[in-house]
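Open the model in your viewer and follow the stops below. Each one says what to select and what is there.

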Amino acid sequence: MRIAIAGAGAMGSRIGLMLHEAGNEVILIDRWPEHIEAIRKNGLIGEFDDRKIVAQLPIYSPEEIIEEHETVDLIVALTKSMQLEQMFHDIQPIIGSKTFVFCLLNGLGHEETLAKFVPKENIIFGTTTWTAGLAGPGHAKLVGSGSIEMENLAPSGKAFTLEVLEVFQNARLNPIYSQNVRYSIWKKACINGTLNGLCTILDCNIAEFGSLTVAREMIEAIVAEFAAVADAEKIHLDHSEMIDAIEATYDPQTQGLHFPSMYQDLIRNQRKTEIDYINGAVWRKGQLVGINTPYCAFLTQLIHGKEELLKAK
């Protein structure tokens with residue numbers, strides 16, 4: 001299968017490398033000049049648990065995708081949420097009438113963005129438990145294992161989605177065909193919607209947040225807002241299950257010492273966050289259906305205020 005990875009950072013590098021090793025024709029698309037230069041010069045280095053590989057993969061900036069580029073069968077979307085629309089605007093030459101998009105972004109509301117560029121029948125949504133990191137430009141550190149859940153957005157897209165499932169299975173990416181991937185997306189967004197913003201504003205890791213006497217009250221309020229808005233979209237988030245899933249991350253022996261990605265983006269690297277696609281999306285969706293979401297609204301505003309103070313880009 002001819003596959004483009006739109007957003008070839010840490011996770012894009014992992015998925016691109018594993019699909020390449022399975023015999024697929026993979027191209028990478030990214031905006032980081034040093035990353036592009038390093039891969040062109042030295043290949044994409046993948047440091048797995050038990051081995052190290054170097055793959056000579058073609059990589060382009062979005063602006064280099066011109067009319068002469070051949071269309072692809074599948075685009076795996078792995079940009080930051082706020083970069084998604086511009087990325088797909090720039091790479092339109094590789095999008096044909098039969099091109100599918102597999103969206104693995106965190107957060108909510110991406111189907112509206114992607115539907116501007118491909119029919120809804122050609123959209124696959126998913127979540128992943130794989131992890132990945134970058135040791136530097138062109139050098140991915142890929143430890144541990146994981147899985148990928150996927151489901152076609154429209155019934156007519158199931159046949160091709162099952163082809164993608166087989167391709168990902170051959171690449172040992174452990175795909176699962178879901179009957180309700182939107183639930184998994186909302187569940188992940190709900191967990192991120194508590195830990196990401198709160199740890200960032202409070203300047204603490206997950207275990208430190210969990211130790212606070214006010215932690216339970218805050219997460220209950222935020223989960224209630226996510227559950228109410230999800231219910232309006234016919235997605236049932238069980239309140240107790242969400243609380244249990246969030247509190248399970250407090251353990252310092254597992255995830256507790258971890259600083260969420262939003263903290264790393266904003267506090268460590270002064271980068272703008274994806275808050276508008278997590279709590280901000282719940283706030284926005286709630287307004288459309290008359291559901292009040294004061295915690296999500298305030299947390300979104302606090303994060304944007306912090307972005308301004310830190311001059312995040």
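**Stop 1: the mixed sheet**

Select strand β3 (residues 44-48) and β4: the two run antiparallel and are joined by four bridges. Strands here are DSSP E runs of at least two residues, helices are H or I runs of at least four, and both are numbered from the N terminus. Two strands pair if DSSP finds at least two bridges between them. This is a predicted model, where local features need pLDDT of at least 70, side-chain atom pairs count only at pLDDT 80 or more, and totals for chains, interfaces and linings use all residues. Residues are numbered from 1 along each chain as its sequence is written, and side-chain values use heavy atoms, leaving out hydrogens and water.

Pick I45; its bridge partner in β4 is V54. Now widen the selection to the open sheet of four strands, ordered β4-β3-β10-β9 with mixed pairing. β4 (52-55) and β9 (133-136) are the edge strands, each pairing on one side only. On average, neighbouring strands of this sheet are turned by 25° against each other, direction ignored. Axes for such angles are lines fitted to C-alpha atoms, for helices over the stretch in contact, and angles run from 0 to 180 degrees between N-to-C directions.

**Stop 2**

Select β7 (residues 100-103). F100 and F102 point one way, V101 and C103 the other, and all are buried. Buried means under 20% relative accessible area, exposed over 50%, and partly exposed in between, with a 1.4 Å probe and protein chains only. In a regular strand the side chains alternate between the two faces of the sheet.

I75 stands opposite V101 in β7.

**Stop 3: two positive phi values**

Most residues other than glycine have a negative phi, and most peptide bonds are trans. Select R172, in the loop between α5 (158-170) and β12 (175-177). R172 is not a glycine, yet its phi is positive, about 60°. Is R172 buried or exposed? It counts as exposed, at 52% relative accessibility.

Finish at K311, in the segment after α12 (294-309). K311 also is not a glycine and has a positive phi of about 55°. K311 is exposed, with a relative accessible area of 66%.
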